[in-house]
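Welcome, and please keep the model open while you read.

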Amino acid sequence: MKKHLTIFIILCLLLCLSVIEACKKTAVSNSSPTPLEFKVPYGWPAPVYNFEKNPLTQEGVDLGRRLFYDGRLSKDGGFPCASCHQQIAAFGTYDHNLSHGYNYSHTLRNAPPLQNLAWQKLFGWDGAALSIEQQCLKHINSVIEMGDTVENVLNRLRLDNSYPTYFKAAFGDETINADRMTAALTQFVLTMVSSNSRYDKVMRGEATFTLPEQTGYDIFKVKCASCHTEPLFTDNSFRNTGIPVDPFANDFGRFMVTSNSADISKFKVPSLRNTQKTFPYGHDGRFFFLDNVLEHYRSGIKDPAADPIVRNGISLSNYEIGQLKAFLYSLTDTGFINNRHFGEF
């Protein structure tokens, strides 16, 4: 009798769990994605990303967040997007000069931080990707990055019991394809807006600079702002800043995309936002400290083909370097770096 009662109770529990799961799926299927507003920070230009073709929704962003941290987007499961784009480094590669990829191989570059992407037209250090969506696919297909094919990745997602539900919540049905995967990843990274540093608070009249920060800001406006334009702190151009080509990597930057000799050794001007947290610096992470970067601009440029703005170096005294660093540290957005909505579920 007790045995029959136990079996009955177990069957009842299983039935209840099935009903609960069915209710969850019904709730998802009967609801439409929740629209999210993309808020442009105070004083910023309009974003260049076309949100009409990929509107932000809470469900789309949530799906993108799950995908961003899912190792199954890589061949061996060990290299999700987040393995190179780490939140502690404003979603760049923390501490390593070169990002690591499939089979623990080194890539040829240091992963650039993911921040304020809605204001960019070209992606990657060389601008090879014309969209965020295209950049996602490049990483998956690269043999030294995620090391797989898109179809293999999609098949793994289709075998997961939960992903069809997530895709349905975000896009209306359970179809899992490349367009939807990259659209969701794009929605998530578009929400990574860094706009609440001390600098931003000063610009909004909510705080004031310390004396070293203000002095550094004055120096910055004279000696750095022509390339690192406010408020994004990059003009998104490609420039040769006189960094010698590494003979192992043979990375010639933008030239490898355009085959135009004028583009040899040109790389995208990086944003200086969160620069305190995005070391090491440069397309190949060769500069481990800000002092190394500033010393390069002061006395390390030897390439006669370097951009005219920096070809003859930038005159900086030790005092100016100290004040300039104080200002650059004011661009650290701790709220962005610690935002739990950008972390793993």
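A charge is said to sit over a ring if NZ of Lys or CZ of Arg is within 6 Å of the ring centre and within 35 degrees of the ring normal. Keep in mind, too, that this is a predicted model. With that in hand, look for Arg-254: it lies over the face of Phe-238, and 4.7 Å separates it from the ring centre. You can find another such arrangement at Arg-66, whose charged end sits over the ring of Tyr-166, 4.1 Å from the centre of that ring.

Helix H2 covers residues 58-68 and helix H6 covers residues 163-171; their axes come within 7 Å and cross at roughly 145°. This crossing of H2 and H6 is left-handed. What kinds of residues make up the contact of H2 with H6? Eight are nonpolar, one is polar and two are charged.

Next, turn to the aromatic rings. Rings of Phe, Tyr and Trp pair if their centres lie within 6.5 Å, and by this rule the count comes to 25 aromatic pairs. Take Tyr-49 and Phe-51: their ring centres are 5.1 Å apart and their planes stand at 75°, so this pair is edge-to-face. Tyr-49 has a relative accessible area of 11%, so it is buried. In the pair of Phe-209 and Tyr-217, the ring centres are 5.5 Å apart and the planes meet at 55°, so the pair is tilted.

Our last stop is His-296, which you will find in helix H11, residues 290-300. His-296 counts as buried because its relative accessibility is 8%. Which residues does His-296 touch, leaving aside its neighbours within four places in sequence? The contacts of His-296 are with Thr-241, Gly-242, Ile-243, Phe-287 and Ile-301.

Notes. Residues numbered from 1 in each chain as written. Predicted model: local features only at pLDDT ≥ 70, side-chain atom pairs only at ≥ 80, totals over all residues. Heavy atoms only, no water. Axes fitted to C-alpha atoms, helices over the stretch in contact; angles between N-to-C directions. Helix = DSSP H or I, 4+ residues; strand = E, 2+ residues; numbered from the N terminus. Left-handed = near helix turned anticlockwise from the far one by under 90°. Nonpolar A, V, L, I, M, F, W, Y, C, P; charged D, E, K, R; others polar. Buried < 20%, exposed > 50% of the residue type's maximum accessible area, 1.4 Å probe, protein only. Contact = heavy atoms within 4.5 Å. Phe/Tyr/Trp six-rings, centres within 6.5 Å; stacked < 30°, edge-to-face > 60°.
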